[in-house]
Amino acid sequence: MDSTAEFAYLNGHMVPWHDAKVHVFAPVAKYGIGVFEGIRGYWNEEARQMYLFRLAEHLDRFAFSQKAMRFDPGPSREELTEALIRLCRANRFCATVHIRIMAFIGGAGEIGATGPVGIAITALPRQSTQQCIRGASAQISSWMRMPDNVMPARIKCNANYHNARLATMQARQDGYDVAFLLNSRGKLAEAPAMCIFIVRDGQLITPSGTNDILESITRRTVIELAGRHLGLQTAERDVDRTELILADEVFHCGTGAEIMPVTSVDRTPVGNGRPGAVTRQLIEIYQAVVTGKQDGYASWRTPIF
Ligand code: PMP
């Protein structure tokens with residue numbers, strides 16, 4: 001059974017989980033007209049505190065997604081921040097959670113509807129990813145990442161995830177953990193909910209923002225942490241698929257997945273087939289930053305108590 005929490009948030013109200021409903025013929029259900037953010041709230045047991053990680057950046061992208069999809073103006077940032085905090089408090093979480101905030105077109109309109117804009121928020125306990133211990137196996141998908149002039153990959157629009165889902169289903173059926181998608185130019189784009197980095201000859205390399213990738217907050221965080229803590233600069237450029245095979249290390253990253261080593265691509269081992277040193281150091285510093293154990297990043301963490 002799917003897990004639930006005590007409360008969800010819907011259109012200004014804290015409601016029991018099972019009452020967070022919209023009509024089945026609302027545009028969000030008919031056409032997938034919604035945009036969303038996945039945000040993590042990290043629990044720090046020692047401080048008895050939960051930190052929302054890079055909330056400001058998530059709300060910026062949430063606003064951009066709505067603008068790109070031509071939604072009518074919705075609630076202000078202040079209202080959204082308050083709603084997120086109220087929801088985490090109401091559920092009395094004492095664990096790391098994954099929060100989903102969605103703006104959607106409700107009502108009974110058709111494909112061109114721009115409102116009414118509804119807001120739904122859910123939060124569920126979700127521990128840090130365990131797969132990092134052994135690393136993931138990746139398949140280069142035969143599905144292509146949709147180009148920006150088909151569907152805008154740089155925003156989090158619900159309907160984009162059909163592309164991600166098809167690639168995920170193929171990878172799972174073929175016995176892999178994750179799909180890597182190439183773009184319409186045959187260059188590396190991203191994984192269904194993660195951006196991709198390679199480490200080669202001591203340099204970090206990741207597909208640039210014009211390779212049909214989401215403008216990922218974890219990607220930006222990794223670039224900053226690698227520069228500051230490991231003295232590693234990141235090249236943001238086109239990446240060929242064969243570079244994945246030549247790489248010393250490969251990892252992917254995202255809010256939900258955090259930083260996860262990828263130890264094989266199309267069954268060919270990456271490096272020595274085990275999580276690499278740079279990836280492991282990045283996981284360590286990332287975990288310290290998000291949970292509030294590393295000084296100096298207070299502006300990235302919004303405490304909820
Ligand atoms: N790409 C896609 C398609 C995603 O859905 C996600 C998850 N939000 C990411 C990359 C990683 O983005 P972020 O680091 O902002 O979570």
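Visitor: How many cavities of 30 Å³ or more does a search of the whole structure find?
Guide: Rolling a probe the size of a water molecule over the atoms shows where empty space is left. On a 1 Å grid over the protein atoms alone, a cavity is a set of points where a 1.4 Å probe fits but cannot get out; a pocket is an open set with protein on both sides within 12 Å along at least five of seven lines; lining residues have an atom within 4 Å of a point. Here the search finds two cavities of that size. Keep in mind that this is a predicted model, where local features need pLDDT of at least 70, side-chain atom pairs count only at pLDDT 80 or more, and totals for chains, interfaces and linings use all residues. Residues are numbered from 1 along each chain as its sequence is written, and side-chain values use heavy atoms, with hydrogens and water left out.

Visitor: What volume does the largest cavity have?
Guide: About 60 Å³, where a volume is the space filled by probe spheres set on grid points joined across faces, edges and corners. Its lining includes R40, H58 and Y286. Helix 5 brings the largest share of that lining, three residues; helices (H or I, at least four residues) and strands (E, at least two) are DSSP runs, numbered from the N terminus.

Visitor: And what is the volume of the largest pocket?
Guide: About 880 Å³. Of its 37 lining residues, those closest to the centre are R126, Y161, P192, A193 and M194. Helix 4 gives the most to this lining, with six residues.

Visitor: Where is the ligand?
Guide: The space taken by the ligand is that largest pocket; a molecule sits in a pocket if more than half of its atoms lie within 2 Å of the pocket's grid points.

Visitor: Which residues are closest to the ligand?
Guide: A residue counts as near if one of its heavy atoms lies within 4 Å. The ligand is surrounded by 16 residues, and the closest are Y161, E190, S216, T218 and T255.

Visitor: Which polar atom of T255 lies 2.6 Å from the ligand, side-chain or backbone?
Guide: A polar contact is a pair of N or O atoms within 3.5 Å. For T255 a side-chain atom lies at that distance from a ligand oxygen, while I217 uses a backbone atom, 2.8 Å from an oxygen of the ligand.

Key: A polar contact is a pair of N or O atoms within 3.5 Å; within protein, one must be able to donate a hydrogen and the other to accept it, and residues adjacent in sequence count only if both atoms are side-chain atoms.
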